[in-house]
Structure formats: structure tokens, C-alpha cells
Amino acid sequence: MMGKGKMNIALIQHQCGESHEQNIQTAEKMITEAAQQGAKIICTQELFAGQYFPQTIDVNKYEWAEPIPGPICNRMQSLSEKLGVVIIVSLYEYVHDGLYFNTVAVYEEGEYLGKYRKHHIPEGPQYIEKYYFTEGDTGYPVFKTKYGTIGVLICWDEWFPEPSRILALKGADVVFYPSAIGSEPDNPELDTSQTWMDAIRAHGIHNNMFIAAVNRVGREDSNEGHMTFYGRSFISNPWGTVMKEAETKENEIIMAEIDLSEVTRARNVLQFHRDRRPDSYGELLKRVIEE
């Protein structure tokens with residue numbers, strides 16, 4: 001029986017160093033601490049086991065990918081069972097040579113609930129993801145946990161309104177966004193962090209659901225330069241109000257108590273879903289709209 005009451009959710013924001021083992025241990029320690037503080041659903045940041053490798057093209061980085069099940073997922077699955085929580089695990093997924101995905105796997109108390117593969121793959125200066133990731137083929141699944149129905153989208157997905165609407169229509173109460181976003185290498189004077197936050201909060205408003213976005217922090221260097229990830233991980237409610245935002249640009253657990261009954265209340269008051277007109281949205285299926 002899925003809940004519609006109150007619970008704590010947590011986001012694990014941290015800096016990633018060169019050691020994959022140390023990064024994983026950092027995440028394990030913070031997840032354990034979050035669970036001890038009462039979190040029931042805990043989300044890692046995008047590709048938390050390593051530094052953000054799509055800054056450059058390097059064929060050797062394909063070796064970082066792992067299958068599901070595999071070493072990272074096995075550790076997180078065991079941890080979810082030990083702690084009695086849901087863990088959303090972001091990883092570089094290996095299927096076979098030439099087929100790799102940016103993926104999240106979801107575990108509830110040791111049970112594998114399924115995966116989501118990132119659909120929208122960016123390509124730009126130091127965000128060279130099309131070299132490493134195939135476009136996702138999972139559709140937009142929801143995961144029915146004992147605490148409520150959740151959806152997960154990954155980083156670049158968060159800039160597009162359609163996926164979050166699909167998840168809402170499938171019953172998602174909360175959507176989690178594991179992210180790796182920061183400085184704009186070709187426009188270093190720009191700070192897009194507020195734009196990032198506002199765009200994702202808007203999905204929560206349009207669909208009257210909780211939003212939980214987790215981002216990495218700190219500077220990571222590459223042969224092409226460096227990037228600084230701005231953190232600002234946050235949780236917002238179905239009205240778009242930020243309930244909790246990262247207070248630092250350091251390793252931090254961002255946790256908030258959410259009341260899932262507020263989803264029903266907001267949807268009953270605003271009725272955005274009632275007044276949808278999907279019969280009039282056919283033009284969205286065209287890549288280019290002719291004048």
C-alpha cells in the first residue's frame with residue numbers, strides 16, 4: 001500500500017575527486033547519515049562515482065561504464081537493504097561495446113525497482129555527452145515505492161517540460177533530478193544557477209508535485225580547461241516554493257519533510273490536469289513547426 005503521508009527525502013551533494021572508490025565511499029557515508037536522520041528516499045547526484053568525464057573526448061573513459069547489476073549497483077542495493085530505504089543510484093551503464101547509457105537504478109530495501117535512461121543528451125563545450133551516451137530507450141517510468149510514486153529525470157532532461165508532465169500523468173508525487181551542471185565554458189561570465197533552479201521549479205508548479213534536484217559541487221579540471229559545479233541542490237513543493245536549498249558549495253545532505261497529501265490538494269485547487277487539451281497538442285510531435 002503506497003503512502004500519501006509525510007516523509008523525509010534527501011539529496012546527496014558532494015565534490016568528486018579522481019578516486020572512484022573514495023567518491024563511492026563518500027556517497028555511502030552520506031547516504032547512511034541521511035538514513036540515520038530519517039530520510040526514506042535518498043538520491044545521488046549524476047554520475048557520482050567519478051568526475052564529470054564528458055568534458056573531453058577520451059576513448060578510455062568507456063571503461064568507466066558498468067552493467068546493471070554491477071559493482072556500484074550491488075553496493076547501493078546492499079546499502080538500501082541494510083538501511084531500509086529507497087536509494088536512487090546514478091551510473092554510467094554498460095550494455096555492450098558501443099552501447100552505453102547515462103542511467104539511474106532504483107532500489108527499495110534491497111529490491112530492484114527498475115531503471116531510467118537519460119533521454120536528452122547535450123552536446124556543447126565541455127558537455128560532450130553524445131560521444132559517451134546513447135539516447136535513452138526506457139520511456140519515462142514511475143517507480144511505486146511504499147512511500148509514494150516517484151519519477152526520475154537526469155540533468156539535461158530537466159530543461160524540457162514534456163517528461164515531467166508525462167511522469168505527473170503517470171501518478172508521480174515527486175520527481176528527482178540527479179544533475180551535473182555548472183559553469184558555461186563558452187560564456188564564463190554567465191551564472192545560470194538561478195535559471196536552472198527556476199526552470200525545474202516550474203515543472204513542479206505546472207504539475208503540482210514535489211521536485212528534488214541534486215547537483216555536484218566544486219572545480220574539476222580537464223585537458224580542455226576546468227568547470228566549476230555550482231551545487232544549489234534543492235527541494236520544492238507542489239506550489240513551487242523552495243523548502244530546502246543547499247547552504248554551502250561543499251559536501252552537504254539536503255533533506256526536507258514532504259507531505260504527499262499536498263500534491264492532491266494543489267491539484268484539486270489549480271486543476272491544471274483537468275483543463276489539459278491533448279487533442280490540440282499535435283504540433284508538439286513535429287520537430288519543426290512550419291509558419
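Analyst: A helix here is a DSSP run of H or I that holds at least four residues, and the helices are numbered from the N terminus. Please keep in mind that this is a predicted model.

User: What makes the buried residues of helix 3 lie on one side or on several sides?

Analyst: In helix 3, which covers residues 161-169, the buried residues are Pro163, Ser164, Leu167 and Ala168. Because they cover an arc of only 140 degrees around the axis, they are on the same side of helix 3. These buried residues pack against strand 8, strand 9, strand 10, helix 4 and helix 5, where packing rests on contact, that is, on heavy atoms within 4.5 Å.

User: Why is strand 11 called largely enclosed?

Analyst: A residue counts as buried when its relative accessible area is under 20%. Six of the six residues of strand 11, residues 210-215, are buried, and therefore the strand is largely enclosed by the rest of the structure. Phe210, Ala212 and Val214 point one way from the strand, while Ile211, Ala213 and Asn215 point the other way, and all of them are buried.

User: What makes strand 10 and strand 11 a pair, and in which sense do they run?

Analyst: At least two bridges between two strands are needed for a pair; strand 10, residues 174-179, and strand 11 have six bridges and pair in the parallel sense. Phe176, for instance, stands opposite Ala212 in strand 11. Between the two strands the chain passes through helix 4, residues 193-207, and this β-α-β crossover is right-handed.

User: Which way do strand 11 and strand 14 run, parallel or antiparallel?

Analyst: Strand 11 and strand 14, residues 234-236, run antiparallel and are joined by three bridges; one of the facing residues in strand 14 is Ser236, the bridge partner of Ile211.

User: Why does the radius of gyration of the protein chain agree with that of a compact globule?

Analyst: For 291 residues, a compact globule would have a radius of gyration near 19 Å, and the protein chain has 18 Å, so the value agrees. Along its principal axes the C-alpha trace spans about 55 × 50 × 40 Å, and 53% of the 291 residues count as buried.

User: How many helices and strands does the protein chain have?

Analyst: The secondary structure comes to five helices and 16 strands.

Methods: Residues numbered from 1 in each chain as written. Predicted model: local features only at pLDDT ≥ 70, side-chain atom pairs only at ≥ 80, totals over all residues. Heavy atoms only, no water. Buried < 20%, exposed > 50% of the residue type's maximum accessible area, 1.4 Å probe, protein only. Right-handed = clockwise from strand over helix to strand, strands pointing away. Rg over C-alpha atoms; globule rule 2.2 N^0.38 Å. Arc of directions from axis to C-beta.
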